[in-house]
Amino acid sequence: MSGRVLFRGTSVIVLAVLTACSAPVQKLPDDLQSSWIDEQRSTTVADAAALTWWRAFDDATIDQLVDLAQQRNLDLRVAEARVREVRAQRRAALANLAPQIDASVDAQRSRGRRIGSDTSVIQETATAVAGASWEIDLFGRLRAEARAANAELQAVQSDRDGVRLALIAEVIRSYLEFRLYQVQTELSARNAQAQEETVRITQARFNQGMSSRLDLERTVSALRTTRSQIPQSRELAEAARYRLVLLTASTPDALTPMLPASTSDPGALPDSDAERVLLTPADVIARRPDVQAAERRLIAAAEQRNVAAALRYPRITLAGLIGVEDNRVSDLLDNGSRAWSASGGLLAPLIDFGRIRAAIDAADALQEQAYLTYEQTARTALQETQTALVLYTQGKLRQQELSQAAESARRAAQLARRQYTAGALSLLEVLDAERSVYAVELNAAQATADVSIRLVNVYQSMGLVPPTGG
């Protein structure tokens with residue numbers, strides 16, 4: 001009867017200990033949970049297309065640059081190496097749950113001479129021993145360490161995914177800027193040609209006494225001002241090209257053949273239909289790598305708290321040893337004396353002057369920090385996504401208005417030149433029309449590129465990163 005009571009009492013104690021070691025992970029506030037937490041693990045038909053969202057631009061150069069960057073970018077390779085490091089640490093933590101088996105072989109040979117004798121004495125000893133030890137993880141300390149290591153690995157993998165997502169977005173932004181500066185260069189050259197025609201007409205009218213020197217100098221000044229924009233646009237295009245070289249860990253000579261030739265058509269800039277791949281807000285936080293990493297680190301912090309709490313309870317180990325010993329190495333396996341032993345040990349803290357309590361308090365504080373980081377990351381994710389969507393939709397409206405304004409400005413400039421040639425308009429009105437068409441065309445090109453760049457920001461804020469091999 002006393003044994004049964006002791007067994008029941010021990011079971012109750014063990015159950016209480018295991019319950020105490022299982023601290024639940026804190027959840028996000030209700031205002032965040034209500035918007036997305038229930039759908040956090042859902043998948044949709046659009047997921048496959050969403051994860052390769054850059055293909056929606058339907059630009060072969062973008063596809064090539066993204067693939068090259070994912071293969072060669074140095075920051076991403078560092079992140080991959082970090083994943084391999086933490087994966088090895090997880091294997092080490094899992095190995096602590098298994099027994100440790102060691103073996104040793106020792107052989108000695110010595111020569112000596114007895115006192116008062118000329119006879120040499122040779123002594124040999126040989127020993128072979130195999131031993132095993134195993135800590136019984138009764139209170140869950142080693143299992144908590146393994147779970148913490150696994151959560152940290154998942155967090156580092158999410159960090160790696162975040163680097164990949166940021167890399168893809170930066171490659172596309174740099175490419176879009178490169179194309180924009182190409183367009184600006186060609187627009188400046190095209191408007192310079194139109195202004196050259198105005199200078200030619202004004203020069204002819206000046207030679208005929210129909211225009212003043214002031215009119216001629218004004219047209220020449222406007223022409224040279226437009227031409228001065230060409231070197232600036234070219235240097236910005238080169239800067240964007242070299243940024244692509246860095247992001248792809250390539251060389252200028254290797255990258256140049258991939259990049260398209262110049263174009264003066266703002267509509268030729270890559271664009272995409274956002275509705276093809278955009279997900280619902282419920283999917284946003286669940287997919288963002290930074291939110292996933294913060295969530296995994298919160299879980300790891302909770303498990304580390306369990307590790308600290310388990311230090312209050314005994315550690316139970318089992319050990320065994322088997323070996324042979326003989327006075328001659330050659331006879332070790334045949335005639336050696338055999339021995340074995342088995343033992344069990346229990347190590348329990350008695351008085352530690354508050355060290356374990358301090359470790360638990362520190363783990364509690366770290367868990368609270370991880371939770372607050374998790375909540376802040378989730379709230380930031382919502383704010384960034386909502387802002388990106390607003391900027392994209394408003395930028396799309398601006399692009400449409402400027403596109404129509406550019407068409408009207410071009411028609412107005414053509415009419416102004418014809419009427420000036422016929423003597424119906426003054427030179428100032430022609431110059432004003434030319435300045436207007438140039439400025440509006442530049443703004444329209446900038447707006448087109450901005451829309452695509454803002455769409456990239458939307459995709460990045462939504463955490464749409466392609467899957468990897470692990």
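Here is a friendly question-and-answer chat about a predicted model of a protein.

Biologist: Where does Gly323 lie, and is it buried or exposed?

Modeller: Gly323 lies in strand 3, which covers residues 315-326. Buried means under 20% relative accessible area. Gly323 has a relative accessible area of 13%, so it counts as buried.

Biologist: Now to helix 5: what span should its 22 residues have, and how far apart are its end C-alpha atoms?

Modeller: Helix 5 runs over residues 74-95. At 1.5 Å a residue, its 22 residues should span 32 Å. That agrees with the model, because the end C-alpha atoms are apart by 32 Å.

Biologist: Which residues of helix 5 are buried, and which are exposed?

Modeller: The buried ones are Leu76, Ala79, Val83, Val86 and Ala93. They cover an arc of only 85° around the axis, which puts them on the same side of helix 5. On the other side of helix 5, the exposed residues are Leu74, Arg77, Val78, Arg84 and Arg91.

Biologist: What covers the buried residues of helix 5?

Modeller: Look at the side of helix 5 that holds Leu76 and Ala79, which are among its buried residues. The cover over the buried residues includes helix 4 (60-72) and helix 6 (141-207).

Biologist: At the start of helix 5, which backbone nitrogen does a side-chain oxygen of Asn73 reach?

Modeller: The place to look is the start of helix 5, at the side chain of Asn73. Its oxygen comes to within 3.1 Å of the backbone nitrogen of Asp75.

Biologist: Where is the place of Asp137, and which backbone nitrogen lies 2.9 Å from a polar atom of its side chain?

Modeller: Asp137 sits in the loop between strand 2 (120-136) and helix 6. With a relative accessible area of 13%, Asp137 is buried. Leaving aside neighbours within four places in sequence, Asp137 is in contact with Leu97, Leu142 and Arg143. The backbone nitrogen that lies 2.9 Å from a polar atom of its side chain belongs to Arg141.

Biologist: Why is helix 10 said to be largely enclosed by the rest of the structure?

Modeller: Helix 10 has 22 residues, which should span 32 Å at 1.5 Å a residue, and its end C-alpha atoms are 31 Å apart, which agrees. One of its residues is Glu303. Glu303 is buried, with a relative accessible area of 12%. Helix 10 is largely enclosed because the number of its 22 residues that are buried is 18.

Biologist: Which residues does Glu303 touch, not counting those up to four places away in sequence?

Modeller: Start from helix 10, where Glu303 is found. With that sequence limit of four places, Glu303 touches Ala144, Arg147 and Ala148.

Biologist: Which elements give two or more residues to the lining of the second largest pocket?

Modeller: This pocket holds about 240 Å³ of space. It is lined by 13 residues, and those nearest its centre are Arg297, Ala301, Leu366, Gln369 and Ala370. The elements that give two or more residues to the lining are helix 10 (289-310) and helix 12 (355-421).

Biologist: Which residues is Arg218 in contact with, leaving aside its neighbours within four places in sequence?

Modeller: Arg218 is found in helix 7, residues 213-247. Its relative accessible area is 32%, so Arg218 is partly exposed. Beyond those neighbours, Arg218 is in contact with Leu428 and Leu431.

Biologist: What value is phi of Asp58 near?

Modeller: Asp58 lies in the loop between helix 3 (47-51) and helix 4. At 69% relative accessibility, Asp58 counts as exposed. Its phi is positive, in a residue other than glycine, and is near 55°.

Note on methods:
Residues are numbered from 1 along each chain as its sequence is written. This is a predicted model: local features need pLDDT of at least 70, side-chain atom pairs count only at pLDDT 80 or more; totals for chains, interfaces and linings use all residues. Side-chain values use heavy atoms; hydrogens and water are left out. Helices (H or I, at least four residues) and strands (E, at least two) are DSSP runs, numbered from the N terminus. The expected span of a helix is 1.5 Å times one less than its number of residues. Buried means under 20% relative accessible area, exposed over 50%, partly exposed in between (1.4 Å probe, protein chains only). The arc is that of the directions from the helix axis to the C-beta atoms. Contact means heavy atoms within 4.5 Å. A polar contact is a pair of N or O atoms within 3.5 Å; within protein, one must be able to donate a hydrogen and the other to accept it, and residues adjacent in sequence count only if both atoms are side-chain atoms. On a 1 Å grid over the protein atoms alone, a cavity is a set of points where a 1.4 Å probe fits but cannot get out, and a pocket is an open set with protein on both sides within 12 Å along at least five of seven lines; lining residues have an atom within 4 Å of a point. Grid points are joined across faces, edges and corners, and a volume is the space filled by probe spheres set on the points.
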